[in-house]
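Biologist: Hi! Could you walk me through this one and tell me how the helices sit?
Modeller: Happy to, here it is.

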Amino acid sequence: RPEDDIALRAIERQGVTITIKGPRQMGKSSMLMRTMTAAAEAGKEIVFLDFQLFDQAALEDAETFFRQFSAWITDELDLEDEVEKYWKRPLGNSQRCTRYMGRHVLKTLGRPLLLAMDEVERVFDTDFRSDFFSMLRSWHNDRAIKPIWKKLDLALVTSTEPYQLIENLNQSPFNVGEVIDLT
């Protein structure tokens, strides 16, 4: 498919955001897997998070979700878990998670990272969806002013049309970078 070429060319660059969206059973997850393989061949670390694995308790409480999200990334990379240290600060969940990614995860890694997230629509029904997706958008935007964030690639897969669920489109990660719509 021509869409595969778009994703594979994009992941060769550093500091990219890729959104793969389309109906169920269209090959979104398999396209993500091929993109992850290409990223690994380009020398990038890969973290794959399947949001189907977040339990209901995490999806009902923002702090639990953001802590688990941060800890899961740490675990996938076999890094020292410092989530507790960052959660002691009097900041919001998005701020803590962002500091954790920038000051611990990205700083510790010696090479670029692809954060590949499948089934992100699981977050769409939560009270904190805007906070989470705004955070991802800020990570995308931070690449322009903070060199450490250029080490981070984002790949999001969804089968739900995200534009209907994000209040402020200027804070959405789904309308920046390479948007691949499978039909």
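Modeller: First a definition: axes are lines fitted to C-alpha atoms, for helices over the stretch in contact, and angles run from 0 to 180 degrees between N-to-C directions. Also, this is a predicted model.
Biologist: Good. How do the axes of α4 and α6 cross?
Modeller: The axes of helix α4 (residues 62-76) and helix α6 (residues 93-108) cross at roughly 10° and come within 9 Å. That makes α4 roughly parallel to α6, since angles under 35 degrees count as roughly parallel.
Biologist: Which residues meet there?
Modeller: On the α4 side, they include Phe 66, Phe 69 and Ile 73; among those in α6 are Cys 97, Tyr 100 and Met 101. The residues of this contact of α4 with α6 divide into eight nonpolar, four polar and two charged.
Biologist: Switching to α2, which residues are buried?
Modeller: In α2, Lys 28, Met 31, Leu 32, Thr 35, Met 36, Ala 38 and Ala 39 are buried. Seen down the axis of α2, its buried residues fall within an arc of 160°, so they line one face of the helix.
Biologist: What covers them?
Modeller: The cover for the buried residues of α2 includes α1 (2-12) and the strands β1, β2, β3, β4 and β5.
Biologist: And what follows α2?
Modeller: Gly 43 does, with a positive phi near 90°.
Biologist: One more: is Leu 136 buried or exposed?
Modeller: Leu 136 is buried, with a relative accessible area of 0%. Leu 136 belongs to helix α7 (residues 129-142). From Met 31, Leu 136 is 105 residues away in sequence and 21 Å away in space, C-alpha to C-alpha.

Conventions. Residues numbered from 1 in each chain as written. Predicted model: local features only at pLDDT ≥ 70, side-chain atom pairs only at ≥ 80, totals over all residues. Heavy atoms only, no water. Buried < 20%, exposed > 50% of the residue type's maximum accessible area, 1.4 Å probe, protein only. Helix = DSSP H or I, 4+ residues; strand = E, 2+ residues; numbered from the N terminus. Arc of directions from axis to C-beta. Contact = heavy atoms within 4.5 Å. Parallel < 35°, antiparallel > 145°, perpendicular 65-115°, else oblique. Nonpolar A, V, L, I, M, F, W, Y, C, P; charged D, E, K, R; others polar.
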